[in-house]
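Dear colleague,

I am handing over the structure below, and my notes on its aromatic contacts and backbone geometry follow it. Please read them with the model open beside you.

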Amino acid sequence: MTDVEIALVTCAALPALDPDDRLLAEALRRLGCAVTPCVWDDEAVAWSAFDLALVRSPWDYASRREAFVRWAERVGRATTLRNPPDVIAWNTDKRYLRALAAAGVPTVPTAWLEASAPEPDLAALLVERGWREAVVKPAVGAGSSGLARVRDGDRDGAGAAALAALLATGDAMVQPFVASVPAEGEVSLIYYDGVLSHAVRKRPAAGEFRVQPEFGATVTAETPTDAERAVAEAALATLAAPPLYARVDLVAGDDGTPWLMELELVEPALFFAA
């Protein structure tokens, strides 16, 4: 008989888990744990039967964030959920970056736009910020969903159209296009219980700037610099307690210093195979 029953939380598109998370499942089983992949919105799952529900790949949550947050609250009452419900509620809305920036963590500069506000003039915003190129994103989103690159100050209006589409369904954010990303990509530092485990570099494919595997990006092991670790640990230090797992995504800013792109505390790929 096993001592610990663990649910690895996934989505309906990945009922047998993401390949990377299968490595985690195998490692846990070698430790004597019973591991069961569970789809987060499957009403048949008895969450109280598990000692731990570990959020791994519920990657369809973004279009149903409120339902996902309610699910986390419910499961957090039934068993131990990690990361916990309050962290999930906070981290599933990218406006958490505002709090980190206010706390002094170097983050990618961001203009925050509310769906309830008058429709913004994107071209004027770019001129005001001095951004010839920018990226438009939803405030609630996963991966690169809803992301649009705005080129040459949005002379053709494509960025404004993309932004209007986002604001029709929720709040949005505009950031400068980070020039280092096409060549250098992002560095991701993975922490467990506040301790650095490993790091990877995600490089986009030629002619691309998105660093997700579905766009041809490659992942290689990386040794983070002292400056990268300092930014990552400054971001983690703003939290009330070290999370069980965290992935800190960094890019090189205009002067080469690290900028925080994301602090991923909900369902990040953790690159166990790296």
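At 13% relative accessibility, Phe-209 counts as buried, where buried means under 20% relative accessible area, exposed over 50% and partly exposed in between, computed with a 1.4 Å probe on protein chains only. Before going further, please note that this is a predicted model, in which local features need pLDDT of at least 70 and side-chain atom pairs count only at pLDDT 80 or more, while totals for chains, interfaces and linings use all residues. Residues are numbered from 1 along each chain as its sequence is written, and side-chain values use heavy atoms, with hydrogens and water left out.

On the aromatic side, a search of the whole structure finds 8 aromatic pairs; rings of Phe, Tyr and Trp (its six-membered ring) pair if their centres lie within 6.5 Å, and planes under 30 degrees apart count as stacked, over 60 as edge-to-face and the rest as tilted. One of them joins Trp-40 and Trp-71 edge-to-face, at 6.0 Å centre to centre and with 75 degrees between the planes. This pair links distant parts of the chain, 31 residues apart, since Trp-40 lies in the loop between β2 (34–39) and β3 (52–57) and Trp-71 in helix α2 (residues 65–78); helices (H or I, at least four residues) and strands (E, at least two) are DSSP runs, numbered from the N terminus. Trp-40 is buried at 3% relative accessible area, and Trp-71 is buried at 1%.

Another pair, Phe-177 with Phe-209, is also edge-to-face, with 5.5 Å between the centres and 75 degrees between the planes. Here Phe-177 sits in the loop between β8 (172–176) and α7 (181–184), whereas Phe-209 sits in the loop between β10 (195–203) and β11 (218–221), 32 residues apart. Phe-177 is buried, with a relative accessible area of 14%, and Arg-149 lies over its face at 3.7 Å from the ring centre, a charge being over a ring if NZ of Lys or CZ of Arg is within 6 Å of the ring centre and within 35 degrees of the ring normal. Arg-56 likewise lies over the face of Tyr-245, at 5.7 Å from the ring centre.

As for the backbone, the peptide bond from Arg-82 to Asn-83 is cis, with omega near -5 degrees, and Asn-83 lies in the loop between β4 (80–82) and α3 (85–91). Asp-152, although not a glycine, has a positive phi of about 50 degrees, and this residue is partly exposed at 33% relative accessible area.
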